[in-house]
Amino acid sequence: MDSKKVHHIIRDYVESDLAVILSKHREMYDQFYHFRPVFMSYVEKYLMEFHHHHHPGKENLWIAEDFRQQFLGTIAIVQAGEDLAQLRWFLVDPLAQGKGVGRSLMKHAIKFCKDHHYRHIFLWTAHLLHTARYLYESFSFVCTERKENSEWSDELILEERYDLDLKMPTFLL
């Protein structure tokens, strides 16, 4: 893909997407960040828990794909409280990065939260994910917490929590 925007759709996930989501996470976090297998066990545990127990009216997982139905990215919203949502499993395929897919997924997830009366969204990320952090900040997410993690990699990972108050009058989608 070149640097132009890529045409894509965003659709609800189906069960067969779970293997692709896990494979893409494994590929990216192993190849680019050298995360240990324990990280993938963590992702798989909570992704499967979501699949088996999610509340369709308040939670969802989406897939971005191109016209050939090729995976471009994923994002999820998980209910963490009555009016509190957690953004999870956000990933854009390296070949689709910088082409509007991540921004489109973020807009989709935030709109879902607003439509379902969430007042606040939070997410956890790693300090190594510079592009993702930039995108979160462009949507007015603010880093509110940092903690060290030595479990996922041979190098120390700084986990960062980002929060977005959807009732802030300055927030624009």
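An open sheet of seven strands runs in the order β1-β2-β3-β4-β5-β7-β6, with mixed pairing; two strands pair if DSSP finds at least two bridges between them. Helices (H or I, at least four residues) and strands (E, at least two) are DSSP runs, numbered from the N terminus. The model is predicted: local features need pLDDT of at least 70, side-chain atom pairs count only at pLDDT 80 or more, and totals for chains, interfaces and linings use all residues. Residues are numbered from 1 along each chain as its sequence is written, and side-chain values use heavy atoms, with hydrogens and water left out.

- β1 (9-12) and β6 (142-149) are the edge strands, each pairing on one side only.
- On average, neighbouring strands of this sheet are turned by 25° against each other, direction ignored; axes are lines fitted to C-alpha atoms, for helices over the stretch in contact, and angles run from 0 to 180 degrees between N-to-C directions.
- α1 packs on the sheet and touches β1, β2, β3 (71-81) and β4, and its direction makes about 70° with that of β4. Contact means heavy atoms within 4.5 Å.

**Strand β2**
- β1 and β2 (residues 60-65) run antiparallel and are joined by four bridges. Asp12 has Trp62 as its bridge partner in β2, and Arg11 stands opposite Ile63.
- Six bridges join β2 to β3, also an antiparallel pair, and Asn60 stands opposite Ile77 in β3.
- The hairpin of β2 and β3 has five residues between the strands, and Gln69 in the turn has a positive phi of about 65°.
- Six of the six residues of β2 are buried (under 20% relative accessible area; exposed is over 50%, partly exposed in between, with a 1.4 Å probe and protein chains only).
- Asn60, Trp62 and Ala64 point one way from β2, while Leu61, Ile63 and Glu65 point the other way. In a regular strand the side chains alternate between the two faces of the sheet.

**Gln97**
- Gln97 lies in the loop between β4 and α3 and is partly exposed, because its relative accessible area is 37%.
- Leaving aside neighbours within four places in sequence, Gln97 is in contact with Met28 and Val92.
- The C-alpha atoms of Gln97 and Asp154 are separated by 26 Å, and the two residues are 57 residues apart along the chain.

**Pocket lining**
- Among the 41 residues that line the largest pocket, Tyr29, Phe90, Leu129, Ala132 and Tyr136 lie nearest its centre. A pocket is, on a 1 Å grid over the protein atoms alone, an open set of points where a 1.4 Å probe fits, with protein on both sides within 12 Å along at least five of seven lines; lining residues have an atom within 4 Å of a point.
- β4 gives the largest share of this lining, seven residues.
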